[in-house]
Amino acid sequence: MNDIEGLLRRLAPQVLGAIVRRYGHFDTAEDAVQEALLAAATQWPADGVPENPRGWLITVAGRRLTDLLRSEQARQRREDTVARWALTSPAPPAADTDDTLVLLFMCAHPALAPAAQIALTLRAVGGLSTAEIARAFLVPEPTMTRRISRAKQRIRSSGIPFGLPPPAERASRLASVLHVLYLIFNEGYASTSGPRLARTELSAEAIRLTRMVHRLLPADGEVAGLLALMLLTDARRPARVGPDGGLIPMAEQDRSRWDADRIAEGVALISGALPRGPAGPYQLQAAIAAVHDEAPTAEDTDWPQILALYELLLRISDNPVVALNHAVAVAMVHGPNAGLELLGQLESDDRIAADHRLHSVRAHLLEMSGNKSEARESYEMAAARTSSLPQQRYLHAKARGCQ
Amino acid sequence: MKYMIMLYGSQQDYDMLSGKPSEQRPWTAEEQAAMNEFMMKWNQDLVDSGEFVDAQGLTAPAHARRIQLQNGVPVVTDGPYPETQEVLAGYNIVECASFDRATEIAARLVKTPHPADTELAREWFVDVRPVAESGADLDA
């Protein structure tokens, strides 16, 4: 990312926030800001960055908004349906909070589907173009354009005022903001499909946006926890993919390739957040990631500590993947049979029963317990249930090893 | 005594000043600068004489909102003005000795420079109105 691009991405939410706060019209303002960003991206490299880049963008976006509104209003008048909206309760005073936070709350509004929340957040807060978002999500640009404009219409018709949600709703709304950021990160990290570059950028973008939220809400433990979780997970990226593009399990990764700076930053964040109060799910997941990242070798992993953290996590989250990881931790502490017993309970959970990860974990635990023939069977079942070629290759190789 | 001097403009007048292509040719930068300089001097003279109270300009009419009652419910309309409608574009509040003095101040604006070959879509005017000093003034 060059300097101008970085500057524009940083300014994008501030400019949109200023325009929407001043003039309203979130949907049209968002288009106007995109056009101003585009104008800057083409003019600044040639003409130089103006003395007050934020002011420049606000002026240009404001002018563009006036134009867009006029043609909209003229069209509406022709159709004889002037835009009217019923007056709702006034937006709460936003005092000295950054408009960026208000935008994040708007984009993660529960009226929107997750896919729409993600796309809108990347565009309105991240300052990414529709084409960039479409490329990262591997959908055609017109599809993404429609998704974004539908999301904006939705926000307009719901009459959401420009302001922070009322205090009573703030915690649950912040949880949806964090969930959107988490999904963006995972889209970039967990997926094995697509051009790697674009996907990696999504993770980087999620980290950048979460950093921003952490700067705005430094006392919030879950925000710090999510940022720590992302950093501690992303730290393993360099060791995570083998030369064939296949995923390397954590136990087999070359830990010298883990990013020590990211680990140090993530550990510091989570160590600072945990003592501050009841730990939420992101903090617990970050704490687990920190225990893994701090072990010099896989054998040195502090499994009893990880097991204790998964037990806390299970109490506050009903997620079958958490339950699956918990079973692994149980097996590492109390032996493979204890883990296999827990897997038996998961088989009746429709959300994960058909998932290759369940079969893959069972295969590993069976192999640990010395039951090679059943392990081989489970590896093959897992291979049949994943669509990823590198994963299939890995699982078939494991199955062969159990002959 | 305080007086409000009110200036009017339509969306079309805003366009002419902002250099947007329309039926009238847009003002050049020099023409624009001449007008700005005139307005600034007009304002500065009021500051110097101690008669200046406040002055504000309003953004383009496209940004206006109108609130009306509809079946007893307040309803907001965005952009309520047609493009050619004259609306308040800005005002000056002066504090001076008399209505005549305020009128004289406002009348200086007839000399506002504008390009010879451009014309407003309507007759040019400014309004001057005395500001009410107390509730009693409003009964008069």
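**Helix pairs**

I began with helix 18 of chain A and helix 19 of chain A, whose crossing is left-handed (the near helix is turned anticlockwise from the far one by less than a right angle; clockwise would be right-handed). Helices here are DSSP runs of H or I with at least four residues, strands are E runs of at least two, and both are numbered from the N terminus.

A note on provenance: this is a predicted model, where local features need pLDDT of at least 70, side-chain atom pairs count only at pLDDT 80 or more, and totals for chains, interfaces and linings use all residues. Residues are numbered from 1 along each chain as its sequence is written, while chains are lettered from A and ligands numbered from 1 in the order in which they are written.

Back to the pair: the axes of helix 18 (residues 372-385) and helix 19 (residues 389-401) of chain A come within 8 Å and cross at roughly 165°. The axes are lines fitted to C-alpha atoms over the stretch in contact, with angles from 0 to 180 degrees between N-to-C directions. The two helices are therefore roughly antiparallel (over 145 degrees; under 35 is roughly parallel, 65 to 115 roughly perpendicular, the rest oblique).

Next I looked up helix 12 (residues 260-273) and helix 13 (residues 281-294) of chain A, which pack at about 135° with axes 10 Å apart. They are therefore oblique to each other, and their crossing is left-handed.

**Burial and core**

Is helix 4 of chain A enclosed or open? Eight of its nine residues (99-107) are buried, so helix 4 is largely enclosed by the rest of the structure. Buried means 20 or more other C-beta atoms within 10 Å of the residue's own, exposed means 12 or fewer, and partly exposed lies in between, with C-beta atoms placed from the backbone. The buried ones include Leu101(A), Phe105(A) and Cys107(A).

I then checked the largest nonpolar core, which has 114 residues (buried Ala, Val, Leu, Ile, Met, Phe, Trp, Tyr and Cys joined through C-beta atoms within 7 Å). Val15(A), Ile19(A), Val33(A) and Ala61(A) touch the most other members. Apart from this core lies another, of eight residues, including Tyr3(B) and Ile105(B).

**Chain A overall**

I counted 19 helices and one strand in chain A. Of its 403 residues, 41% count as buried.
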